[in-house]
Amino acid sequence: MINNSEHCPTSESLACFLSFLCLRRSNFRLTSQIMQMERPCTPLTIDSSNLLLAIPKKGRLHERSVELLNEIGLQFKRTNRSDIAHCVAAPVLLVFLNVVDIPVFVAEGNVDGGIVGQDVISETGQHFAEQQLLGFGRCVLAVQAPMYLHLTCDDLIGKRVVTSYPRLTKRFFASLEIKQRGADVLNREEVETGSASGMTTPSTTVEGYLRTTVVTLSGSVEASVALGLSDAVVDLVETGDTMRMAGLQQIGVIMKTEAAFISNPNTRHQTLLTMIKKRIDGYLTALKYQMVSYNIPLEKLSNASLLTPGLRSPTITNLADSDWISVTAVVERTKVLDTIDQLDALGAQDILTFNFKHFRSGASP
Ligand code: AMP
């Protein structure tokens with residue numbers, strides 16, 4: 001348990017919290033750091049039986065992460081937008097962090113697991129053997145250039161690109177540059193004509209090769225083209241609205257991304273972590289299916305079973321009328337309406353569907 005003094009001001013709570021994150025692995029009492037504060041608050045005492053989960057503190061992944069936690073029984077009460085919250089019914093402490101910091105905290109073992117976008121994982125260069133995809137936050141990390149110029153990604157070699165993803169962007173353009181090095185005569189020509197094309201003057205290496213300049217901004221990168229800071233941007237595109245409003249179009253995709261659950265393999269809370277992963281898996285699987293139930297004349301049962309085989313087999317129940325039988329089976333959500341039409345054509349009656357929230361196959365994850 002973490003006990004903050006009731007009277008501890010927010011800034012002091014935050015300072016305590018940050019100290020706690022830094023020292024958690026080796027030290028379970030933070031007395032010395034807290035003593036140095038202007039107005040000391042009660043030392044944080046960490047109950048090591050808590051599993052720590054990092055959640056994006058804001059942004060597109062925040063709401064959906066909270067929704068997922070609620071659905072898998074990790075409800076919590078967060079007071080005064082505090083950066084930590086205890087789960088009500090499980091020994092889990094949620095830590096609300098900037099999304100870009102989450103892979104490092106998980107990889108270093110300062111927290112046991114977390115929810116983060118695959119784009120951020122790749123940008124930080126961390127590697128997680130297992131990434132449980134969560135089905136939300138889906139978008140692409142895309143190269144975007146002014147609509148009216150009709151550029152390709154190759155046209156941006158030697159130009160200036162603004163992004164919040166410098167590592168991935170540099171790697172992407174470095175591979176294009178390497179491919180283009182065979183044609184350095186052409187590149188030199190571009191150096192001479194580049195500024196006449198409405199774009200920034202190309203930069204070159206000492207050998208005369210074109211090299212893309214990647215400028216890092218923390219946000220609002222789309223505006224940088226209109227403001228003359230860049231020729232193109234690399235940023236996430238979900239609906240494309242932000243891109244179009246900035247007069248840009250997508251000319252290349254660096255990666256597809258979605259939210260993922262990651263964990264530290266050396267966690268001391270393996271049992272609890274496995275349970276959380278199973279619950280996530282069960283919840284996501286349940287979203288993919290619906291239960292379909294119907295009554296069918298007995299002689300049509302085998303044909304009906306072919307239409308609704310279920311995951312293992314359909315559940316068959318006798319009815320008081322022995323000429324009829326009741327069938328229940330899970331059906332993929334995208335196929336439910338077609339299946340109903342086919343069952344109807346076969347002579348099924350009283351067809352109904354219902355949602356279920358959790359699914360556990362019983363097989364190990
Ligand atoms: P949209 O207008 O829907 O294409 O969204 C684009 C804007 O939202 C850009 O500023 C992106 O940085 C941001 N964005 C889109 N999808 C995500 C995501 N999954 N996670 C974080 N930011 C996102």
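Helices (H or I, at least four residues) and strands (E, at least two) are DSSP runs, numbered from the N terminus. The structure shown is a predicted model, in which local features need pLDDT of at least 70, side-chain atom pairs count only at pLDDT 80 or more, and totals for chains, interfaces and linings use all residues. Residues are numbered from 1 along each chain as its sequence is written, and side-chain values use heavy atoms, with hydrogens and water left out.

**View 1. The loop that holds serine 220.** Serine 220 is part of the loop that runs between β8 (213-216) and α8 (223-226). Although serine 220 is not a glycine, its phi is positive, at about 50 degrees. Serine 220 counts as exposed because its relative accessibility is 60%; buried means under 20% relative accessible area, exposed over 50%, and partly exposed in between (1.4 Å probe, protein chains only).

**View 2. The loop that holds histidine 150.** The loop between β6 (139-146) and β7 (160-163) contains histidine 150. Histidine 150 is not a glycine, yet it has a positive phi of about 50 degrees. With a relative accessible area of 61%, histidine 150 is exposed.

**View 3. The residues around the ligand.** The shell consists of Arg60, Gly137, Cys139, Glu222, Asp235, Leu236, Val237, Glu238, Thr239, Gly240, Asp241 and Thr242; a residue is near a molecule if one of its heavy atoms lies within 4 Å of it. β9 (232-237) and α9 (241-245) each contribute at least two residues to this shell. The largest share, three residues, comes from β9. By residue class, the shell divides into three nonpolar, four polar and five charged residues. In this classification, Ala, Val, Leu, Ile, Met, Phe, Trp, Tyr, Cys and Pro count as nonpolar, Asp, Glu, Lys and Arg as charged, and the others, Gly among them, as polar.

View 4. A backbone N or O atom of glutamate 238 is placed 2.8 Å from an oxygen atom of the ligand. Glutamate 222 has a polar side-chain atom 3.3 Å from an oxygen atom of the ligand. For aspartate 241, a polar backbone atom is 3.5 Å from an oxygen atom of the ligand. Of the 490 Å² of accessible area that the ligand has on its own, the protein covers 81%; accessible areas come from the Shrake-Rupley method with a 1.4 Å probe, and for residues only the protein chains shown count as cover.

**View 5. Glutamate 130 and leucine 133.** Glutamate 130 belongs to the loop between α5 (118-124) and β5 (132-133), whereas leucine 133 is found in strand β5. Glutamate 130 is partly exposed, because its relative accessible area is 44%. Leucine 133 is also partly exposed, with a relative accessible area of 40%. Leucine 133 and glutamate 258 are 125 residues apart in sequence, and their C-alpha atoms are 6.9 Å apart in space.

**View 6. Leucine 337 in helix α12.** Leucine 337 is placed in helix α12 (residues 336-346). Its relative accessible area of 64% means that leucine 337 is exposed. Leucine 337 and threonine 353 lie 16 residues apart in sequence, with a C-alpha to C-alpha distance of 9.7 Å.

Conventions: A polar contact is a pair of N or O atoms within 3.5 Å; within protein, one must be able to donate a hydrogen and the other to accept it, and residues adjacent in sequence count only if both atoms are side-chain atoms.
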